[in-house]
Amino acid sequence: MIRVPARAKSKITALRRSASPDGARFTSADLEKIAERILKFSDARETEVEISSTTDALTRFANNTIHQNVAEHTLQVSVRAVVDGRTARAATNKTDDESLRRVCAAAARLAKNQPEYPELLPMLGPQKYQKTVRFFAATAEATPQDRARAVARVCKMAEKSKQIAAGIFSTGEVQSVLANSKGLVARNEETDAEFSVTILEPNSSGWAKANSPDVQEIQPDALAAVASRKSSDSRSPREVPPGHYTTILEPSAVLDLVGFLFYDFAGTAVLDKRSCFNDRMGKKLFGDNISIWDDVYHPLQAGPPYDGEGYPRHKVLLVDRGVPKNLVYARATARKMKSKPTGHGFALPNEYGEAPMNLVFSGGDKSVDDMIRSTERGILVTRLWYIREVDPYAKVLTGMTRDGTFLVENGRVAGGIRNFRFNQNILEMLSNVEMLGPAARAAGEESFEMVVPAMKVRDFHFSEVTKF
Amino acid sequence: MMQDWANWGIETAKLRGATYADARVMDIRQRDISTKNGEVGNLMETETLGIGIRVVASGAWGFASTDRLTREGVQACAAQAVAIAKASALARRKNVALAPEQAHVDTWQNPYLKDPFRIAVERQIDLLLAADKDMRRVKGVTLAEGSMSFRRIDQLFVSSTGSSIHQLKMQSGAGMVATSYAGSEIQKRSYPNSFGGQHTLQGYELIESLDLVGHAQRTGEEAVALHSAAQCPEGTGTIILGASQLSLQIHESIGHPIELDRVLGQEANFAGMSFLTVDKLRKLQYGSEIVNVVADARLAHGPGLGTFAYDDEGVPAQCTPIITNGLFTGYLSNRETAAAIGETRSSGTMRTESWNRLPIIRMTNVSLNPGTWNYEDLIADTDDAILMETNRSWSIDDRRYQFQFSTEIGWEIKNGKIARMIKNPSYSGITTEFWNNCNAICSRDHWTLWGTPNCGKGQPMQTMGTGHGAAPARFGNIKLGAAFAK
């Protein structure tokens with residue numbers, strides 16, 4: 001029931017801004033100058049520099065008051081050196097000449113002190129990247145007062161309803177540059193805003209959360225109203241016995257479950273035989289209504305259009321109507337697996353290879369209300385919590401429901417119930433999807449943001465019940 | 001310079017109207033090494049230096065941090081912290097009140113024998129690769145992984161009430177994992193623990209004491225043998241938990257629920273709350289009478305990841321009785337939450353991940369005190385049970401009642417003897433019922449202070465290391481096998 005913000009009304013101001021009066025913010029040009037200095041200081045055969053400047057602020061509230069309110073600025077300068085077929089990385093947050101020379105020397109020293117890595121590929125030369133617009137001035141310029149005023153409204157609303165509000169309102173921006181001694185330069189700038197709210201009553205709670213690059217798309221009052229209604233609708237929860245139920249999972253719940261699949265799509269995970277897709281590629285695993293892409297260019301997605309080596313990210317069809325079709329590959333993995341790089345590699349050196357970080361599920365046209373109306377007896381889940389993998393190949397996950405779990409009877413929400421523990425095979429779950437909502441940018445707690453739909457699934461396995 | 005930076009921040013905050021201010025300057029150096037299937041995976045060194053300034057102004061909290069360590073940069077950061085505090089006052093119900101704490105001026109460093117940053121990287125890599133090779137010698141091991149990490153934290157705390165505390169901490173950690181994929185199953189074994197192995201406030205002497213190479217072959221053999229082991233039964237029965245698994249049980253079902261910020265609702269939106277409401281203090285029978293748990297940050301407790309001399313609010317390390325003969329007797333608190341429940345002093349548990357993050361209540365070393373049993377006697381005394389070792393999955397609800405754990409390996413105990421291997425062991429229950437079913441705890445000879453390096457809490461999320469001492473212990477009437485039930 002979380003409303004997906006309409007993005008059309010937002011005005012994009014992607015002008016590069018000069019450093020703020022306190023000098024804490026860096027522009028892309030500032031970062032490129034630091035990168036140029038490092039490339040001059042390094043005497044390694046090849047050198048790669050990744051620099052990011054992050055400014056984040058977060059206003060945190062509980063018991064209808066702000067109890068934490070923080071801001072941070074961090075700079076990370078990370079240098080990878082290649083020496084005699086070996087590579088290593090060193091990082092600092094200092095930008096004086098001595099520190100930059102030292103970080104170059106540290107990367108080279110680490111590289112020299114390890115066995116040769118025959119599969120190491122030469123660094124990439126200049127690349128072309130598809131443009132993405134993920135920097136919104138309104139987000140970057142949001143003030144503590146802006147966040148506090150919104151939080152104060154939400155707290156007042158909760159007080160008026162004799163409820164208690166807790167949550168966060170955060171805004172931030174990151175500027176980053178990736179450059180190397182072969183002439184590659186990649187730049188990215190993006191902003192991020194997030195509002196999450198839990199509304200509590202003595203024996204119930206409700207929750208809502210939204211995330212967008214554009215703070216103007218975040219509607220704290222509307223989100224708080226959703227959480228408030230869920231809390232009041234789930235008062236005096238009854239205990240329902242555990243078992244297999246038709247279950248309606250709102251997008252946040254779907255996100256936190258399917259998020260556990262993302263690394264299984266890595267070529268390296270299959271090479272290492274730790275993917276649930278080992279020996280299952282090309283076989284029908286899910287229902288016809290499940291297709292999954294990795295698509296950083298999707299309008300509801302986030303992140304840079306290049307990977308950790310600066311290779312351009314490609315859109316990849318991972319699952320086609322229930323059949324896992326493709327994996328993603330870093331450059332070295334692609335060579336090992338006789339495939340083509342897809343632009344999903346992590347910064348080198350690393351042991352994990354790559355992963356799709358921008359999953360987009362195919363959706364449907366059913367609303368959560370449609371799902372409820374069509375359900376004779378089932379469970380409606382707002383949010384899941386503390387999800388962990390029980391069986392990596394069967395892909396059994398365990399976790400808890402939280403902050404708004406309801407019994408559905410005869411097409412209507414019949415009231416709140418005590419929270420369940422689930423132990424669910426996710427491969428089976430994606431074969432049992434009866435209805436899908438429109439794919440939305442969902443925000444949860446266990447996974448990074450993805451574009452996923454609400455789902456109505458058969459036979460979801462709730463194994464135990466807790467005391468609230 | 002650290003003292004100058006901190007002083008600039010405190011002075012500026014006071015000039016801008018702060019009624020209280022503290023500053024943490026932290027200089028952190030880290031080395032991470034990993035290997036996989038005979039090759040180096042990650043090899044990285046990181047250094048980070050900055051200042052975090054926390055203030056009370058207009059009766060509300062503000063915090064800002066920066067790595068721009070010029071006078072202007074630090075002063076701008078302090079001014080920003082005050083401006084944020086004044087914004088916080090827009091949604092303030094009452095003024096911040098802190099339990100009293102006297103000023104402390106001190107210097108402290110944890111003892112260690114060998115500086116891991118002075119040990120050649122080549123030697124560290126060679127050790128991991130030797131263990132990797134021995135794991136892969138075992139037919140059926142499809143993935144061998146090893147890791148080491150070292151962290152040196154040089155930090156200065158200065159407060160507007162006169163404290164100036166310099167601490168230097170050295171942490172080390174290492175571990176390895178053998179994974180085997182066969183048929184339709186992935187099994188794995190970790191040594192000496194999952195979560196990257198063992199981590200303590202020590203130097204390289206920890207790594208040498210672990211003898212990774214000496215345990216590599218057995219680790220690989222057990223991973224492969226699990227494929228042909230019997231499945232953990234479903235039902236109700238007795239379990240004996242190995243010390244490392246019990247340390248995580250303590251972490252999740254005692255350590256988190258005793259955090260007073262959770263109890264008072266401050267973590268309601270993310271980490272959750274706690275069933276340990278303040279009316280339960282000194283009234284709830286948390287466990288059986290043999291259960292005694294302390295939160296002990298003092299060096300005397302051991303070189304745990306929760307060991308220090310002062311917390312990040314300038315409060316000295318303490319030992320707080322958490323469970324005394326089964327009775328719930330104490331919380332983890334800070335100056336603000338202690339005052340909120342009428343306690344006269346913080347229990348000294350405010351900790352921050354780095355200079356850019358606000359200190360929050362964190363576990364220190366939350367440990368189960370040793371019991372009286374010799375391990376061999378405990379096994380001999382047990383007719384029918386499953387011994388479960390090394391955590392594989394873990395989950396607990398947001399008020400810390402209902403949990404489910406599974407471990408990498410189990411062993412059937414029949415008639416006082418360890419019998420066949422069990423795969424996919426799991427157990428679940430309700431926290432207080434579980435601890436009240438504890439009927440035997442092994443002695444100090446079997447007690448280990450385990451390090452959990454990856455505890456996440458707070459918004460923005462902070463990762464913190466915590467310590468948990470435990471010896472193997474036995475629990476009756478436990479639900480078994482729910483994780484794998486169909």
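This is a predicted model: local features need pLDDT of at least 70, side-chain atom pairs count only at pLDDT 80 or more; totals for chains, interfaces and linings use all residues.
Me: Where should I start with chain B, and what does its radius of gyration tell me?

Reply: A compact globule of 486 residues would have a radius of gyration near 23 Å, and chain B, at 23 Å, agrees with that expectation. Along its principal axes the C-alpha trace of chain B spans about 70 × 55 × 40 Å, and the secondary structure of the chain comes to ten helices and 24 strands. Buried residues account for 63% of the chain.

Me: Into which domains is chain B divided, and how many residues does each give to the contact between them?

Reply: The assignment gives domain 1, residues 2-228, and domain 2, residues 230-484, and the centres of these two domains of chain B, taken over C-alpha atoms, are 21 Å apart. Their contact draws 45 residues from domain 1 and 40 residues from domain 2. On the side of domain 1 that touches domain 2, the residues divide into 16 nonpolar, 20 polar and nine charged.

Me: How should I read the largest nonpolar core, and which residues touch the most other members?

Reply: As a general idea, nonpolar side chains tend to be buried together in soluble globular proteins. Here the largest core holds 215 residues, of which B:Ile53 and B:Ala81 touch the most other members. Helix 2 of chain B, residues 71-88, contributes the largest share of this core, with eleven residues. Because domain 1 and domain 2 of chain B both give residues to the core, it lies between them. Leaving aside neighbours within four places in sequence, B:Ala81 is in contact with B:Ala13, B:Ile53, B:Arg54, B:Val55, B:Gly62, B:Phe63 and B:Ala64. Apart from this core lies another, of 62 residues, whose members include A:Val82, A:Ala91, A:Ala186 and B:Met44.

Me: How many residues of each chain take part in the contact between chain A and chain B?

Reply: The size of an interface is often given as the accessible area lost when the parts come together, but here the description is by residues in contact, with 71 residues of chain B meeting 76 residues of chain A. Strand 2 of chain B, residues 39-57, supplies the largest share of the chain B side, twelve residues, and that side as a whole divides into 32 nonpolar, 26 polar and 13 charged residues.

Methods: Residues are numbered from 1 along each chain as its sequence is written. Chains are lettered from A and ligands numbered from 1 in the order in which they are written. Domain bounds come from an automatic or database domain assignment. Two residues are in contact if their C-beta atoms, placed from the backbone, lie within 7 Å. Ala, Val, Leu, Ile, Met, Phe, Trp, Tyr, Cys and Pro count as nonpolar, Asp, Glu, Lys and Arg as charged, and the others, Gly among them, as polar. A nonpolar core is a set of buried Ala, Val, Leu, Ile, Met, Phe, Trp, Tyr and Cys residues joined through C-beta atoms within 7 Å. A residue is buried if 20 or more other C-beta atoms lie within 10 Å of its own, exposed if 12 or fewer, and partly exposed in between; C-beta atoms are placed from the backbone. Helices (H or I, at least four residues) and strands (E, at least two) are DSSP runs, numbered from the N terminus. The radius of gyration is taken over C-alpha atoms; the globule rule is 2.2 Å times the number of residues to the power 0.38.
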